[in-house]
Amino acid sequence: MITDQLHIVDFQSEKVVGVINTEHYWDDLRHWELKNNIDTFEFKISTLSEYMPLMQQQNIILKEVSEGRFIPYVIIDTDVDSFKKELTVYTAAEWIRLGKDAIIKPQILPQMSTYEMLQICLQETDWLAGNAEFNGLHGLKIEKFMSPLEMIKEMCKLYELEVEYQARIGRGGQIVRSVDMIKRRGRFTGKEVVLGKDLIGVHRMENSQNICTALVPYARKEDGTLLTIEEVNYGSPYIADAAAFQRWGVRGKHKFGFYEPEVSDQDMDAQRLLTLARIEMKKRINASVKYEVEAQSVEMVFGMDHEKIAEGDTIYIKDHGFTPTLILEARVLAGDHSRTDSSQIKYVFGDFIELTDPQEALRLMYERILAQLNNKASKELTDKLDELIKEAENKANQAKEESQAAKTLAEKVIENLDNYQTAIQESVEPPTDNLVPGKTLWLDISKGKPGILKKWNGSEWEPIVPDYGDVDELNERVSNIDTSVKGLTNDVSQLSITTTEYGKQITDANSRIDQNAQAIGLKIDITKVEEYVGGIKYLNEIRNTRFKKDLKYWKFEALNISRDESKTLEGDASVKIKGTGASNSCLTSEQVKATVGQKVAISAYFQTENIAEHKDGKMKLAAIFFNAEGAQIKEEIKEFTLNEDVWIRQELRTTVPEGATHVAFRSCVIENGTMWVAHPMLQFGETATSFIENPNDIVDKDEIMEDLADKVATADYDQKVTDIERRITANEKGIEISAKATDVYTKTESDGTFAKDAYVKEMEGRIEVTENEISNTVKKGEVISEINQTAETIKIKADLIDLVGKVKAEWIVGQLLSGVQLRTSNTHNYVSLDDQFMRLIESDVVRMYVGYHRRTDGSVQPTLILGGDNTVNTILGTLQMTQMGAGWPTASANIGIVDEVINGVTYKSVFWEMQRNGVSTFHANDAQINYSGVGSWYFRRGKTGLYNTSLALIDFGNDSYAEMRLPTAKLRNSRASGFRDIIQVLSDSAGDGWGGVQAHILTPSL
């Protein structure tokens, strides 16, 4: 809850000398701008106020602007209106003084963290370095004298952070100021508004001048004739876009556009012209749209006040005028706010980012995934994922017609495509705009096509795959040691190129150690290139293929076959097979049911350290077929050789023969030698896909969802390049340990060129240690989690912090605690806060409930229940208080004892109902006492709509009369002259006439 009090701080003692309560100031207005950190505040007080002497210039006004954040404003001017006896106070945010508080001399600051540099910047000021987020180590060259305020602006650019100032009242009542530097101010509120429905003050400027639904391309030949696309476009001289025609077509007619490529292509033909036209068409099917948002209307939609919207917050604006629906992400860039005059509240939105409608994209992806899972084998996978999801969400008893697994997977695929899919920019010169390290790809065709694919690493373009030429079957090793008085350098590299019948595999590994008197560094780079098959159409039929704990579901006779954790592939253990003697040493999977004629693909990764010890330098991979009696009837064999010390994938494709009912995977050392096996698979399909675990072995829902989402998102790509970097550096700056991996998925077209898009997934873990702080960062794409520790604080930042086990804390301060159930005690007596519901529990029984009740008609009633919970079985007999229609003229509330629940509506046997218009009724079974709201009481019996009034007390007000109505008679008394002190008895049938009895008040006599 934000307080609207204004604290007055004396500028000399820096102590609070007064507090202005909300009723003692008016006409307040705060104006702020995110870009330049402009922040001003003005207000008025009475010149007769006790605060008048304290409104001297340079004194400080401390105001809470968002929950927990106070801003110090320095008084810069005042204006007295003697006629109105008002004083207007003008203030500006106190950090403007940082422009004069100190000087920073020209110097060169070495690389350091944000916090370290901020401390240097503020060391001669009254401000402290606060929450300074780590964003790498950077140095700064200061070439001229500058103020701390100027240096903070330079730091924002250097570290790519935003600055936020705040203050608080410390011990002894003194003001404490701090400067925070964070990556992004404000919150992603998740709020959504709809154009044309919720927003009135939105200006939508659309330029549709260049829109067309059909495009006619042409080119001029050297002889002056025109080249068209009719010969390669089924006789039509134009191409059309169906979606654009549906959106922009008028009365069934196309909007034609014309296109002549602005290129001098001597080899231009009809097919090339058609390709260029399709690219141009994509540019012309949408209008150019610009939005200006009147933010006050946004405020009204959500009922937002200054507690709910702040600098830098983000909302979403939805526009159904596009197909699919267009969503704009908009950020609050500036605003005005007043506590006393809501008409002054205005916000300026900007930084618009166009987003496609996630539900539309999700629906398409969901259908795509269901299509991939539409076979008997894949049903096992979806059933297992549904089971894991229901366990995670405690929904095991809720039956669903649609696959929750497919929905969840579709959401994850959409998320991954948004994060990792990127366009390949093809050009002679390197791109210069919108470069994202680790993601932006450039196809360098400066030396001709097909070109070299390169990735932007933040400082330069590096080839995704080095040019190895046409070399096949290579296993080259190089070692070099260079020693001098300056230090030692040790380089070891290995290049392995293997070509199988199904593609080429390349492993390029390099390690380097650099050492001198003041530093030591270790770096390992591994690049792996292999053919890739994504998707989830074919499953792995054999169990325990990651060899997590043991060799369950595997058969072997030799004693020298064992699980090996020292030789791993992507973190998974392998199986070591050591053969000695004349017989083979084999690892065989359990048998899998098969059908005659089924396509079978078996695959695994293999490695050896000494190929010479193997008989003829060969090993064996086999598919073993069995009949119904369990006898082996056929063995399909592939013998292969390996380069040493690298993982190489081998694959065998075959068909289930006649008489076979089962099949198994087998790999063998032929007589002598040692090899390792990892990630074995047996799949029923045309080809082996990238490695996937058997559904029955899945235990981690999030891990498998991430893996499957990648496979679906990369189903259209045919090559995978993995770049792994491991680095350890120790020098005078500190110690840095980093591990980085980048997967790049691409597709090669039939003409040998790259497709126009790719999928780039970069992951990185980093630990940085200095004498002042320890920083731990884990990055996956643009998602980052951080742990930052100094002597004073430990900061953990992540989308999800998963704490397993008991957590004990002396004090917790925060802004948002989401997705948890709060429980005040681990005993049988506690308070539980779950989502927006609170329950008071004694002896494990709910005794009180605070929340809301949702009726079957969709209406929501804020509810308080004493004696039970908001469930059908526990609410009966409780005291329930509910409220309905807040803000409506007919708003009402009632309190009473719950007797029954019918169709989600609670009915009470005894209750009191109150309405905003003054009507009030007390119900007790079939008896009611009703107050009309204008002085009349009715005592009634009967059910709703069938009331029978048996007694009424009516006061007609002013100088009129009041009466008591009985079933067949009335007692009346009037205020009118001549009728005072008289009681009239009237018969009901006589209407307003006099009855048979009139009693006077007699003055008693002695």
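Strand E32 (residues 554–555) is joined to strand E35 by two bridges, and the strands run antiparallel. The model is predicted: local features need pLDDT of at least 70, side-chain atom pairs count only at pLDDT 80 or more, and totals for chains, interfaces and linings use all residues. Residues are numbered from 1 along each chain as its sequence is written, and side-chain values use heavy atoms, with hydrogens and water left out. Strands (E, at least two residues) and helices (H or I, at least four) are DSSP runs numbered from the N terminus, and two strands pair if DSSP finds at least two bridges between them.

**Strand E35**
- Trp554 has Ser589 in E35 as its bridge partner.
- E35 also pairs with strand E41 (residues 662–669), antiparallel and over four bridges; here Ser585 stands opposite Val669.

- Three strands form an open sheet in the order E18-E15-E19, with mixed pairing.
- Strand E18 (239–240) and strand E19 (256–259) are the edge strands, each pairing on one side only.
- E15 (residues 214–217) pairs with E18 in the antiparallel sense over two bridges, and Ala214 stands opposite Ala240.
- Helix H4 (residues 270–284) lies across E15, E18 and E19 and runs at about 145° to E15; the angle, on a scale from 0 to 180 degrees, is between N-to-C directions of axes fitted to C-alpha atoms, for helices over the stretch in contact (heavy atoms within 4.5 Å).

**Second largest pocket**
- The second largest pocket holds about 850 Å³ of space, a volume filled by probe spheres set on grid points joined across faces, edges and corners.
- A pocket is an open set of points on a 1 Å grid over the protein atoms alone, where a 1.4 Å probe fits, with protein on both sides within 12 Å along at least five of seven lines; lining residues have an atom within 4 Å of a point.
- Of the 22 lining residues, Arg272, Thr275, Leu276, Ile279 and Lys756 are the closest to the centre of the second largest pocket.
- H4 gives the most to this lining, with eight residues.

**Leu953**
- Leu953 is in strand E60 (residues 948–955).
- Leu953 is partly exposed, at a relative accessible area of 32% (partly exposed lies between under 20% for buried and over 50% for exposed).
- Leu953 and Ser936 are 17 residues apart in sequence and 5.7 Å apart in space, C-alpha to C-alpha.

Methods. Buried means under 20% relative accessible area, exposed over 50%, partly exposed in between (1.4 Å probe, protein chains only).
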